[in-house]
Amino acid sequence: MAKATKKQALGRGLSALLKDPENDIKSVEDKNADKVVGNIIELELDSIDVNPFQPRTSFNDETLRELATSIKEIGVIQPITVRKLDFNNYQLVSGERRFRASKLVGLKTIPAYIRIANDQESLTMALVENIQRQDLDPIEIAISYQRLIDEISLTQEQLSDRVGKKRSTIANYLRLLKLDPIVQTGMRDGFISMGHGRALINIDNQIQQLDIYEKIIGKSLSVRETEKLVRSINNGEETPTNSVSNTKQLPKDIAKGIKEFSDYFGAKIDVKVTNKGSGKLIIPFSSEEDFKRIKKLIDSER
């Protein structure tokens with residue numbers, strides 16, 4: 001218990017050091033940098049900005065509240081990691097759930113490891129650390145891999161070494177990004193698994209992808225059943241449905257209306273029209289926040 005008290009006191013002492021303009025540490029070579037970089041320090045939550053490189057785009061409200069309750073009872077056990085930007089200004093590298101939950105219960109400070117890193121290093125740290133987490137969905141992982149390839153100019157082989165995953169595993173995740181956005185959203189929300197997604201990749205026509213996607217959900221198809229269905233379609237033995245959803249085949253007024261819908265909602269609206277002329281619209285959303293945004297737009301038109 002005495003050790004814990006001493007550790008907390010040290011963190012508070014270093015916090016005071018960081019607030020002294022004469023000790024503004026900007027690199028590992030600056031005076032007192034060894035006392036700060038890599039140490040656990042109590043930082044004010046208001047001095048920390050969220051990380052724009054964060055691969056996670058949605059946070060489960062229920063689990064966040066559970067974490068907040070735990071933090072309220074026993075405090076933040078695992079420190080977050082931040083990088084120093086300017087004087088008394090930091091940016092999250094990892095630990096956004098702990099950061100959000102701490103704010104939720106009204107904490108003023110949070111224990112944090114301080115790093116000195118440039119944008120590229122921060123991006124690498126955030127993405128690699130988040131990829132190792134068990135609770136990321138397949139699309140979040142795929143997006144993180146793609147960002148490492150695009151923004152840090154890594155090859156798949158180099159990425160394999162960096163994250164400790166086989167190149168074939170990385171390739172399988174990256175292929176998921178070729179799926180229709182609606183299918184990707186379904187995977188993120190847990191309606192279908194990565195196995196379902198990997199089967200759907202073998203369908204080039206995105207309209208057919210969506211038809212099979214709806215069949216997976218409607219009939220609770222297993223991954224094996226989905227793979228069998230995909231094989232039969234590719235072999236010409238079966239067609240998904242008699243519906244069409246290609247804007248090139250739609251009447252001019254409907255095609256124009258779909259474009260206006262897409263512009264209004266800020267999302268690619270999909271339309272399905274049967275041979276009898278009936279149909280339906282599908283409005284995709286990428287997160288709970290995006291759903292609320294779309295709902296607000298609809299409510300404003302009532």
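Tutor: The protein has 14 helices and seven strands; these are DSSP runs numbered from the N terminus, helices being H or I of at least four residues and strands E of at least two. This is a predicted model, in which local features need pLDDT of at least 70, side-chain atom pairs count only at pLDDT 80 or more, and totals for chains, interfaces and linings use all residues. Residues are numbered from 1 along each chain as its sequence is written, and side-chain values use heavy atoms, with hydrogens and water left out.

Five strands form an open sheet in the order 1-5-3-4-2, with mixed pairing. Two strands pair if DSSP finds at least two bridges between them. Strand 1 (40–44) and strand 2 (48–49) stand at the edges. Each has a single partner strand, so one side of each is left without a neighbour in the sheet.

Look next at strand 3 (residues 80–86) and strand 4 (residues 89–94). They run antiparallel and are joined by five bridges. Valine 82 has leucine 92 in strand 4 as its bridge partner. Helix 4 (residues 96–104) packs on the sheet. This helix touches strand 2, strand 3, strand 4 and strand 5 (109–115); contact means heavy atoms within 4.5 Å. The direction of helix 4 makes about 125° with that of strand 4. Axes are lines fitted to C-alpha atoms, for helices over the stretch in contact, and angles run from 0 to 180 degrees between N-to-C directions.

For the wider setting, residues 24 or more positions apart account for 66% of the protein's contacts with a separation of 6 or more.
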